[in-house]
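Biologist: Hello! Could you walk me through this one, question by question?

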Amino acid sequence: MNFTATNTVIIQGITEPLGACYAPLMQAYGTTVVAGISSGNGGRSLAGIPVFDMVEQALSSVGAIDTSVIFSPPYAALDAALEAIAAGVRTIILVSQGVPPLDMVHLIRKAEATETLIVGPNSPGIIVPHQLLLGIHPPELYKPGSVGILSRNGTLTYEVAWSLSQAGIGQSIAVSIGDDAIVGSTLPQWLQMLDEDDQTDAIVLVGEIGGDSEELAAHYIAEAIDKPVIAYIAGRSAPRGRRMGHAGAIIESQATDFGPDIGTAESKITALKRAGVPVAERPSEIPEIVRKLLKHPLKKVS
Amino acid sequence: MDLLEYQAKELFRDAGIPVPAYQRIDRPADLKSLTIPYPIAIKSQVYMGGRGRLGGVRMASNTIDAIAAAHTIFNLPIMGELPKVLLAEAKFEIDQELYLAVVLNRSIRRPVLLGSAQGGIDVQTAIAQMQQVVVDQEFSPFYARRLVLKMGLSGDLLNAVTDVIERMYRLFLNKDLDLVEINPLAVNTAGEVMALDGKVSANDAALGRHPALAALDMRSGQGATLKESRPPGAAWLPDVLSTVDPDGQIGVLANGAGLTMATMDLVCQAGGKPLNCLNIGGETRSDALPEDLCERLEQGLELLSRNKQIKVILVNIVSGTLPCSRVTQAIAKFLQRPVSIVRSVNSPHDEVRLSRVKPFPSLVVRLVGVQLQEAELSLAKTPAIFVEDLDQAITQTLSLVRKREP
């Protein structure tokens, strides 16, 4: 895992409202933003960032590119990501929500073949406190430290980061894999990366109902993760969703080993506890549990 | 978005999948101008499953019987749902029934082909013999052949069913579907195949690039005017709030799905009953700006306060780029809105001064972000209660509900 301030970063969709808003913020945080991409706007610049029509043009002008943060509209996201991969970019953050799932299937096949890491879509991206911002995390809520936050959501991730920061527990990295049905990287993939990361001593997993990511993560933690993991699951009180009465949905849930309750808070919490992962009842409990697990002396809030 | 059977069959027919001759019936009298030969099946067009067992499918061999059957089915609710349309369909002699589906599996992040040699109305039997093939790379017909062989089919039928699956997959891909299901795919003694019933679910996120599919949505249409009257930044908020606890007295408003659920969980864990929970998030929309949150907040408060059962609204906003003082400005603006035009009829000149000095629901506001002190100050002039800590906000909300109980 190599997310540092020396990473060279481009922003695709830099002239979209969200891109134009966050490009200067990422730069101000210390991220090395070398170029913006927006077809039809080549030759212009935004907050001092040179804008190119295509990624390959930026490549010849600014040199090697490590990462692309994509703010393109959802139906243009696949094309933007394929363009970045074609230009040799191997880390891609998809911020925009609403990317069609079959576009993601296409992109994931390409990413697997080229060993490209995809984060998102519908994700605030990655923050390494005081180092690097790849996306839209609010830096004010984070402080440097040794806890890695891994989540599927946006503002709830910030909430957890804030409660840790307030308790004097800093973070090595926070990454949200995104909240859409099909996302580019999985919780197990990131658990492995955080397990191998020298800066990370403990992992806080912020999950929510729906899908089977947390169940798969629990299995993976039991098998392969050595660092302490603490979890929180949102949606315990959510009303049960309507079950589709067709065989496709039924077989889809039976195809996995987790039984018919898959996706519920109970299913996730049970799986995590079975894997030896303490599950916080509420966000404010997380710092306490982290501290116990790390046997950290109580630090004063700066 | 789910499609009705006749809509699915239209897609099947266009994709070259064999379907029986059929006709859409909007009223029983339409059967007088039937162009397909008797005997026919008349089928209720509803989104709910189980219509076959509930009498929603009837056979008829002449016009009189058909009209009587249509009358019955039009008045027969299927799991509470009355059909707006029926389907009249030519009868097909069945020798064997197969189950086929293409579905997107979010766990393995690939489309999966499903097939069972035992299709038909008994879904459990179909499931017991279900075979599946994961389309891990770009689709090619061999994936379909692989499935059909696993289903135990051979000879001409192998090729005929492979062809149907290939067409199903192309349809799935071209129209961005979540599911294409044919059950049953009937086989007659001559070995001909026919899709007798089918289900198609279109992916909601992709509907914007399939206007023809989006136009098939029979369930929406209400609330369009409400949406148009909204500021652009708030256009996508729901028109109708879903109910969490019908006896609830608390409205939860937060930004982001995870945060909304977490806030709702805390309310419930503390013994509170949320009536509605509203997520006004949307920070990852490429066309939105952080300050659009203010419009959605005002609209969201309006939506929640419309329900007089709500005694306390808990606002939990974890703000990114937007300073908290901007969030509280939006709240203050909402609180200063004229209560209603109706009240001002007697003294029209007082209209502007009629503000929500005492809003019907109490407001507990909990914020995380920058400029928190300014935010707290700006709320001090309003009836809203500002709390910094989330757990305290929950306690405050519940104690306000108790105070306001009769």
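Biologist: Which residue of chain A does Arg110(B) meet in a salt bridge?
Modeller: Happy to start there, with a word on the ground rules. This is a predicted model, where local features need pLDDT of at least 70 and side-chain atom pairs count only at pLDDT 80 or more, while totals for chains, interfaces and linings use all residues. Residues are numbered from 1 along each chain as its sequence is written, chains are lettered from A and ligands numbered from 1 in the order in which they are written, and side-chain values use heavy atoms, with hydrogens and water left out. A salt bridge needs a side-chain nitrogen of Lys or Arg within 4 Å of a carboxyl oxygen of Asp or Glu; at 2.5 Å, N to O, the partner of Arg110(B) is Glu112(A).

Biologist: What area is buried between chain A and chain B?
Modeller: Buried area is the accessible area (1.4 Å probe) that two parts lose on being put together, summed over both. Carbon and sulfur atoms give 58% of it here, and the total is about 5,400 Å².

Biologist: How many residue pairs are in polar contact between chain A and chain B?
Modeller: A polar contact is a pair of N or O atoms within 3.5 Å; within protein, one must be able to donate a hydrogen and the other to accept it, and residues adjacent in sequence count only if both atoms are side-chain atoms. With both residues at pLDDT 80 or more, the number of pairs is 22.

Biologist: Turning to chain A, which residues of domain 1 lose the most area to domain 2?
Modeller: Domain bounds come from an automatic or database domain assignment, which gives domain 1 (8–119) and domain 2 (138–295) in chain A. These domains bury about 800 Å² between them, 70% of it on carbon and sulfur atoms, and the count of salt bridges between them is 0. On the side of domain 1 of chain A, 49% of what is buried comes together from Tyr29(A), Leu117(A) and Val119(A).

Biologist: And in chain B, which residue meets Asp197(B) in a salt bridge?
Modeller: Chain B is divided into domain 1 (21–90), domain 2 (96–205) and domain 3 (226–404). Domain 1 and domain 2 of chain B bury about 310 Å² between them, with 30% from carbon and sulfur atoms, and 1 salt bridge crosses their interface. At 3.0 Å, N to O, Asp197(B) meets Arg51(B).

Biologist: How many disulfides are there over all chains?
Modeller: A disulfide is a pair of cysteine sulfur atoms within 2.5 Å. The sulfur of Cys21(A) has its closest cysteine sulfur in Cys294(B), 13 Å away, so the two are too far apart for a bond. Cys324(B) is in no disulfide either, its nearest cysteine sulfur being that of Cys294(B) at 11 Å. Over all chains the count is 0.

Biologist: Is Cys324(B) buried or exposed?
Modeller: Buried means under 20% relative accessible area, exposed over 50%, and partly exposed in between (1.4 Å probe, protein chains only). Cys21(A), at 21% relative accessibility, counts as partly exposed. Cys324(B) has 0% relative accessibility, so Cys324(B) counts as buried.
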